[in-house]
Amino acid sequence: MLCDICGAKEATVHLTEIINDQVTKLNLCEECAKEKGTEMEEHFGLSDLLAGLSDMGATIEPEAVAAVKCPNCGFSYQDFRKTGRLGCSECYEVFKKQLTPLLKRIHGSDRHIGKIPLKIGKTPKDLITLQELRMGMEKAIQMEEFEEAARLRDKIRELEKKGKGDA
Amino acid sequence: MKLDDLLQQDSEWVKGTGPNSNIVMSSRTRLARNLDKFPFSNWANKKQLAEILAIVEGAVRSTNFLKNSLLLKIKDLSEVDRLFLVERHLMSLDHTKNPEYKALVIDPKEVVSVMINEEDHLRIQVLQSGFNLMEAWRIIDEIDTELSKHLTYGYSARWGYLTACPTNTGTALRGSVMLHLPALVFTGQTGKVLQATAKLGLNVRGLYGEGTEASGNFFQVSNQASMGRPEVDIIDNIERIINQIISREETTQKALLGKNKEAVVDRVWRAYGTLKSAHIITSNETIALLSTIRLGVDLGIVKNLDKMLVNELLILTQPAHLQKLEGKLLSANERDVKRADLIREKLK
């Protein structure tokens, strides 16, 4: 069987494409498949899905949001919509409003519980306390000790305020 | 140590040792890390990329774990060598693209690898043979801690480790296991089992081929969410679910031997016969047949064949490995012939 695209070489790759509910079968040689392959990857990816989710819960006019740029790396929200990726670690703070509902949607949670790196710019002691409190709260909820959970929640909020929202 | 030395050794996932290695081929953990304030690799300019590479390289060289490792600049590698590393599960296919300023660190045993300047500045990976996910976590945790003595990571107390893609934020941990589920596929139960798995927050994909039409009955299962629970909980959750899939596969294998013994035995020996006599064979057909033989070995149908040889053939028959063994570039048709030669030789 010869390649459907170049018609010259032997077809060794067999692709099934679904476009507008139409199933198309393609028989391609290695070179043409490679070209076709990169083209196909670009058709649809994770970034398209993320872009769809990313405007959820946005309270500001989308056009104005899209133009906002990260002062550290110059990445705009528009860029995020296009690529589904962020520009640098600082972007998280800049696009916090848009990212919070998105992260919740992806992970079912928008709070990190887990490892803390050895070196961080902020005061590690507060961070560690905060983590311990969060873990304690999770445990209390699991054990159905709701009064304890509420007490811990208030303490967490207090500490988070102190960290000016970064925490 | 040189890249070509790898060809002479069995990578971790080929060994076929470790707990439940009849069904779980390998366990893998991956952590994504980024340097604080530096643009992520896809957004950084050349100067920044070079700087990131130099900083990470310096950190790697200062750790006990990785000081004897092989550091490869992707741009210096041939196309075949790059694919060879992908086939060995040491790096992603994405890492072969735009190779300037990208590097790969591999420890001599192929247990640890670090991709530098992939989507994130660091992608640390630990591979273990068999069902050993918690051990893979323990090792990666230790390496990450050691590296972090020399690096300041992008991190927020609220969101944890900050990654290029929000789907990895938080712990930035992905735990995955490679499963071989021939009996579930044979009896048409995979759809049901894997659907249930997906509902419990795990991703399932075919290892070779696309979606659930995985060729050769190999599946990769990993956690979807990386934020909201501690690392150990994420790993524990995967282990619990995988344990159930394992026992389902085992029960089905036993049932197959009871009810459909002739059909299974027939299939296994036909697969063996084809592999022993074929003179032209594609990669996909090879994977499917080797998978059937692997089941035959596990069920005691094929007696004088080492499972490790089956695993070894799974990797050696892939395109880049064949070309490395031959020492030259081969067209797809030439590979199909060489592949058949190699299999006949090994199964003699």
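Predicted model: local features only at pLDDT ≥ 70, side-chain atom pairs only at ≥ 80, totals over all residues.
**View 1. Chain B as a whole.**
Chain B contains eleven helices and ten strands. Its C-alpha atoms occupy a box of roughly 65 × 45 × 30 Å along the principal axes. Of the 348 residues, 60% are buried. Among contacts with a separation of 6 or more in chain B, 70% come from residues 24 or more positions apart. The chain exposes about 13900 Å², and 49% of this area is supplied by carbon and sulfur atoms.

**View 2. The open sheet of chain B.**
Here you can trace eight strands of chain B across an open sheet, in the order E2-E3-E4-E5-E1-E8-E10-E9, with antiparallel pairing. At the edges are strand E2 (70–73) and strand E9 (202–206) of chain B, each of which pairs on one side only. From one strand to the next, the twist averages 20°.

**View 3. Strand E1 and its two partners.**
How many of the ten residues of strand E1 (residues 24–33) of chain B are buried? Ten of the ten are, so the strand is largely enclosed by the rest of the structure. Buried here means under 20% relative accessible area. One partner of E1(B) is strand E8 (residues 173–180) of chain B, joined to E1(B) by seven bridges and running antiparallel. Look for Arg30(B), whose bridge partner in E8(B) is Arg174(B). Another partner is strand E5 (residues 122–129) of chain B, which pairs with E1(B) in the antiparallel sense over eight bridges. In that pairing, Ser26(B) stands opposite Ser129(B) in E5(B).

Strand E9 (202–206) of chain B is one of the edge strands. Five bridges pair E9(B) in the antiparallel sense with strand E10 (residues 218–223) of chain B. A handy landmark is Asn203(B), which stands opposite Ser222(B) in E10(B).

**View 4. The two sides of helix H5.**
Helix H5 of chain B covers residues 190–199, and its residues Thr190(B), Val193(B), Leu194(B) and Thr197(B) are buried. Viewed down the axis of H5(B), the buried residues lie within an arc of 90°, so they line one face of the helix. What covers the buried residues of H5(B)? The cover includes helix H4 (182–186), E9, E10 and helix H6 (231–259) of chain B. On the other side of H5(B), you will find Lys192(B), Gln195(B) and Lys199(B) exposed. Just after the helix, Gly201(B) adopts a positive phi of about 90°.

Ser148(B) belongs to helix H3 (residues 133–148) of chain B. Is Ser148(B) buried or exposed? With 2% relative accessibility, Ser148(B) counts as buried.

Definitions and conventions. Residues numbered from 1 in each chain as written. Chains lettered and ligands numbered in written order. Heavy atoms only, no water. Pairing = 2+ DSSP bridges. Helix = DSSP H or I, 4+ residues; strand = E, 2+ residues; numbered from the N terminus. Axes fitted to C-alpha atoms, helices over the stretch in contact; angles between N-to-C directions. Buried < 20%, exposed > 50% of the residue type's maximum accessible area, 1.4 Å probe, protein only. Arc of directions from axis to C-beta. Contact = heavy atoms within 4.5 Å. Areas by Shrake-Rupley, 256 points an atom, 1.4 Å probe, with all protein chains shown as cover.
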